[in-house]
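Hi there,

Here is the structure I promised to pass on to you. Have a look at it first, and then read on for my notes.

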Amino acid sequence: MKNSVSIRHLSVGYGVVKVLEKMDLDINQGEFIVLLGPSGCGKSTLLNCIAGLLDVSDGQIFIGGRNVTWEEPKDRGIGMVFQSYALYPQMTVERNLSFGLRVARMKKDEIERRVKRAAEILQIEPLLGRKPVELSGGQRQRVAIGRALVRDVDVFLFDEPLSNLDAKLRSDLRVEIKRLHQRLKNTMIYVTHDQIEAMTLADRIAIMKNGVIQQLDDPHTIYNKPVNLFVAGFIGSPSMNFLRGQIIGANFAVDGASIPLNGYKFDRTPDSVIDGVLGVRPEHIAVGEDAKKMPFTNESEIEIVEPMGADTIAWTKIGGQSLTFRAASEVHLEPGQKVTIGFDPARGSIFNADSGERV
């Protein structure tokens with residue numbers, strides 16, 4: 001498959017501080033890739049380098065097979081949507097959409113065609129005569145996306161475009177962006193710290209920490225087979241449970257309990273007893289009669305219950321270690337209640353306690 005964007009040995013630093021170092025990344029034509037990670041991990045820096053808004057210390061950037069490392073942003077064939085709407089308040093929506101095209105001295109009929117097309121795609125035709133002050137937050141962000149859309153480019157860059165919106169608007173616009181990608185089939189690179197946005201939008205997710213991509217894979221693989229403890233803990237809400245113990249042959253020993261590991265697919269089978277961490281997602285833990293069918297069961301006492309509407313989150317313990325599980329909303333749970341919980345360790349993830357890497 002043809003690469004749309006290629007990063008080769010990219011480094012960015014400020015004095016002795018290295019933000020990105022020797023990064024390599026290939027993004028396929030038409031792919032929706034999300035750069036995900038906590039604040040300060042380098043995801044926005046990487047996006048700004050691709051956009052040409054930051055100078056690189058070393059390495060090269062290719063867009064559509066062309067080396068654009070030192071080209072101006074306007075010459076890179078990209079459209080960018082920022083966290084802030086950055087609309088001109090004195091201009092109408094139509095004038096905001098067409099401003100860049102008019103500055104570029106594009107023909108009037110071509111400008112009208114592009115504005116009309118973008119307005120139709122984003123369903124903002126009735127807003128073309130309004131000014132930004134007359135728009136809601138979601139409408140303003142649609143206009144900001146439209147301003148990138150009229151450039152008719154192959155690569156769109158999104159820098160946390162939904163973070164200023166409330167939860168309902170974020171959910172609505174997330175669907176709109178996904179629909180936009182399916183319709184246009186352009187390459188999209190999207191920066192966020194929101195794992196829900198990443199999981200729902202991405203073809204592949206690049207999870208970053210300290211300027212390094214920890215894992216680059218599709219959402220299903222990242223969720224089910226995280227490569228290390230950082231990725232495992234960053235993806236999932238509530239977070240993955242981590243039980244510390246020892247890997248002894250085909251068992252995981254934790255606080256007096258022996259958890260069978262039959263069926264677990266080791267990446268690297270330990271040849272001796274090692275300190276390990278067993279990760280189990282809350283939604284993979286069964287309770288009551290369903291738990292009794294699982295390879296591992298445990299009698300536990302409920303400590304805290306959090307009703308969520310569609311389901312219920314509960315806290316308990318195995319030995320002295322905390323464990324969170326998700327149950328159906330109709331399952332009655334209350335603090336102090338004794339319950340049977342169970343899970344299949346084959347669905348879990350096991351990590352080396354020292355290195356944090358998956359085993």
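**Salt bridges**

A network of salt bridges links E110, R113 and R114. Please keep in mind that this is a predicted model. In total, the structure holds 17 salt bridges.

Three individual pairs are worth a look in your viewer. R204 and E31 meet through their side chains in a salt bridge, at 2.5 Å from N to O. R204 sits in strand β9 (residues 204–209) and E31 in the loop between β2 and β3 (32–36), so this pair ties together parts that are 173 residues apart in sequence. Is E31 buried or exposed? With 7% relative accessibility, E31 counts as buried.

The pair of E120 and K116 is a salt bridge whose closest N and O atoms are 2.6 Å apart. Both residues belong to helix α3, and because they are four residues apart, about one helical turn separates them. E120 counts as partly exposed at 36% relative accessibility, while K116 counts as exposed at 52%.

R326 and E283 also meet in a salt bridge between their side chains, at 3.9 Å from N to O. Here R326 is in strand β19 and E283 is in the loop between β14 (274–280) and β15 (286–287), so the pair ties together parts 43 residues apart in sequence. R326 is partly exposed, at 25% relative accessibility, and E283 is partly exposed too, with a relative accessible area of 29%.

**The chain as a whole**

Now to the overall picture. The protein chain has eight helices and 21 strands. Its C-alpha trace spans about 75 × 45 × 35 Å along the principal axes. Of the 359 residues in the chain, 48% count as buried.

The buried residues are K43, T45, L46, L47, N48, C49, I50 and A51. After α1 comes G52, which has a positive phi near 90°.

**The largest pocket**

How big is the volume of the largest pocket? The volume is about 690 Å³. The lining is made up of 26 residues, and the closest to the centre of the pocket are I78, M80, G100, R147 and R151. Three elements, β6 (78–81), α2 (93–103) and α4 (137–149), each supply at least two residues of this lining. Which of the elements gives the most to it? That is α2, with five residues. Sorted by class, the lining has 19 nonpolar, three polar and four charged residues.

**On the surface**

Y14, V16 and V17 form a nonpolar surface patch, and together they have about 350 Å² of accessible area. V16 counts as exposed because its relative accessibility is 81%.

H332 is another exposed residue, at 56% relative accessibility. You will find H332 in the loop between β19 (321–328) and β20 (338–343). H332 and V305 are 27 residues apart in sequence, and their C-alpha atoms are 9.9 Å apart in space.

**Backbone details**

In general, most residues other than glycine have a negative phi, and most peptide bonds are trans. Some spots in this model go the other way.

- Q123 is not a glycine, yet has a positive phi of about 55°. Q123 is in the loop between α3 (108–122) and α4, and counts as exposed at 57% relative accessibility.
- K185, also a residue other than glycine, has a positive phi near 60°. K185 is in the loop between α5 (167–184) and β8 (187–192), and counts as exposed at 58% relative accessibility.
- The peptide bond from S237 to P238 is cis, with omega near -5°. P238 is in the loop between α8 (229–234) and β11 (241–248).

Key: Residues are numbered from 1 along each chain as its sequence is written. This is a predicted model: local features need pLDDT of at least 70, side-chain atom pairs count only at pLDDT 80 or more; totals for chains, interfaces and linings use all residues. Side-chain values use heavy atoms; hydrogens and water are left out. Buried means under 20% relative accessible area, exposed over 50%, partly exposed in between (1.4 Å probe, protein chains only). On a 1 Å grid over the protein atoms alone, a cavity is a set of points where a 1.4 Å probe fits but cannot get out, and a pocket is an open set with protein on both sides within 12 Å along at least five of seven lines; lining residues have an atom within 4 Å of a point. Grid points are joined across faces, edges and corners, and a volume is the space filled by probe spheres set on the points. Ala, Val, Leu, Ile, Met, Phe, Trp, Tyr, Cys and Pro count as nonpolar, Asp, Glu, Lys and Arg as charged, and the others, Gly among them, as polar. Patches are made of residues with over 30% relative accessible area and no salt bridge: like charges are joined within 9 Å, nonpolar side chains (Val, Leu, Ile, Met, Phe, Trp, Tyr) within 5 Å. Accessible areas come from the Shrake-Rupley method with a 1.4 Å probe; for residues, only the protein chains shown count as cover. A salt bridge is a side-chain nitrogen of Lys or Arg within 4 Å of a carboxyl oxygen of Asp or Glu.
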